[in-house]
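Hello,

Here is the structure we talked about handing over. My notes on it follow below.

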Amino acid sequence: MVDTDSDGRRPVFAAERRQRILELVRANGAVSLRELAQAVQSSEVTVRRDLRALESEGLLNRHHGGATLPGDLNREASYVQKVTLSSAEKSAIADLAASLVEDGDAIVIGPGTTTQEFARRLSRHAELAVVTNSLLVAQALANSPRIEVMLTGGTLRGPILALVGSAAERSLAGLRVRRAFISGNGLTADRGLSTPNMQVACVDQALAAAAEEVVVLADHSKIGIDAMVQTVSAEQIDHLVTDDAAPRDVLDELGGKGVRLHVAHI
């Protein structure tokens, strides 16, 4: 079968295109509709049709604006797999999230490629105190002399280059800061922020508990997605910083639960 895209691109064999889509989802765990369309050089309309066909065969699960593998609730993508995904969106989210930080703030920052981008934007601030369990965040701030960086203790979790475990949780106990900036693998109005790993979730919960306000950084590919372990409920989230491809219905539900929405335009 040969398909011709509605936007005038050359004809493409549907079977070949769907195989490529499946390879991308298998490699990355969760991929947005926009990224899939760019990767296979087809329109989003065509890719949406492909996703329906692949889902009917039980090969993947469709979600708001993208797809994941079946049984993907407990799959944890590595830093290498995630670093190139939604790079423009992560950059825009990081820029917007940095506007929520003021000179003299004390903040905590969780692990993730989006929070790494956010940390890179903080060098212009002065007298910041940053506590993090992320080696990536610490590295991003290493050459910022006006920022004091404190790493938690803990056991290194290689796939995400973050410190986890009871030592990390103990180092956050009794801490009080203005805001926590955290990410995750999925965000829904029903369950809030979630992640595939229990140890990661426990430290994220400790980061959130240390803050007066919780700020979630999540690009559109994570909105409407569920992972196995809940980190913080929607009611505990004060701010969500996302991009303009995020599904509007989910954002409206989150807004109805008191989450303040900050949408970066790509």
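Start with Thr-115. Leaving aside its neighbours within four places in sequence, Thr-115 is in contact with Ile-109, Gly-110, Val-137, Phe-181, Ile-182, Ser-183 and Leu-217. Contact here means heavy atoms within 4.5 Å.

Before the rest, some ground rules. This is a predicted model, where local features need pLDDT of at least 70 and side-chain atom pairs count only at pLDDT 80 or more, while totals for chains, interfaces and linings use all residues. Residues are numbered from 1 along each chain as its sequence is written, and side-chain values use heavy atoms, with hydrogens and water left out.

**More on Thr-115**

Thr-115 sits in helix 6, residues 113-120. Helices (H or I, at least four residues) and strands (E, at least two) are DSSP runs, numbered from the N terminus. Thr-115 has a relative accessible area of 0%, so it counts as buried. The cut-offs: buried is under 20% relative accessible area, exposed is over 50%, and partly exposed is in between (1.4 Å probe, protein chains only). The Thr-115 side chain also reaches the backbone oxygen of Gly-110, at 2.8 Å. Gly-110 is also one of the contacts of Thr-115.

**The chain as a whole**

The protein chain has ten helices and 17 strands. It has 266 residues, and 54% of them count as buried. Take the contacts in the chain with a separation of 6 or more: residues 24 or more positions apart account for 61% of them. The chain exposes about 11300 Å², with carbon and sulfur atoms supplying 49% of that. Accessible areas come from the Shrake-Rupley method with a 1.4 Å probe; for residues, only the protein chains shown count as cover.

Two strands pair if DSSP finds at least two bridges between them.

Strand 4 and strand 5 (residues 66-68) run antiparallel and are joined by three bridges. Look at Arg-62: its bridge partner in strand 5 is Ala-67.

Helix 2 (residues 33-40) has Leu-33, Glu-35, Leu-36, Ala-37 and Val-40 buried. What covers them includes helix 1, strand 3, helix 3 and strand 5. Just after helix 2, Gln-41 takes a positive phi of about 55°.

**Salt bridges**

Side chains of opposite charge can pair when their charged atoms come close. The rule used: a side-chain nitrogen of Lys or Arg within 4 Å of a carboxyl oxygen of Asp or Glu. By this rule there are 16 salt bridges.

Which residue meets Asp-50 in a salt bridge? The partner is Arg-18, at 2.7 Å, N to O. This pair links distant parts of the chain, with Asp-50 in helix 3 and Arg-18 in helix 1, 32 residues apart. Asp-50 is buried at 0% relative accessible area. Arg-18 is buried too, at 18%.

Glu-235 and Lys-257 also meet in a salt bridge, at 3.6 Å, N to O. They too link distant parts of the chain, 22 residues apart. Glu-235 is in the loop between strand 15 (229-232) and strand 16 (239-243). Lys-257 is in the loop between helix 10 (248-256) and strand 17 (260-264). Glu-235 has 54% relative accessibility, so it counts as exposed. Lys-257 is partly exposed, at 32%.

Asp-252 forms a salt bridge with Arg-248, the closest N and O atoms being 3.2 Å apart. Both lie in helix 10, four residues apart, about one turn of the helix. Asp-252 is partly exposed at 45%, and Arg-248 is partly exposed at 47%.

Finally, Asp-95, Glu-117, Arg-120 and Arg-121 are linked in a network of salt bridges.

Best wishes

Terms used: Polar contact = N/O pair within 3.5 Å; in protein donor to acceptor, adjacent residues only side chain to side chain.
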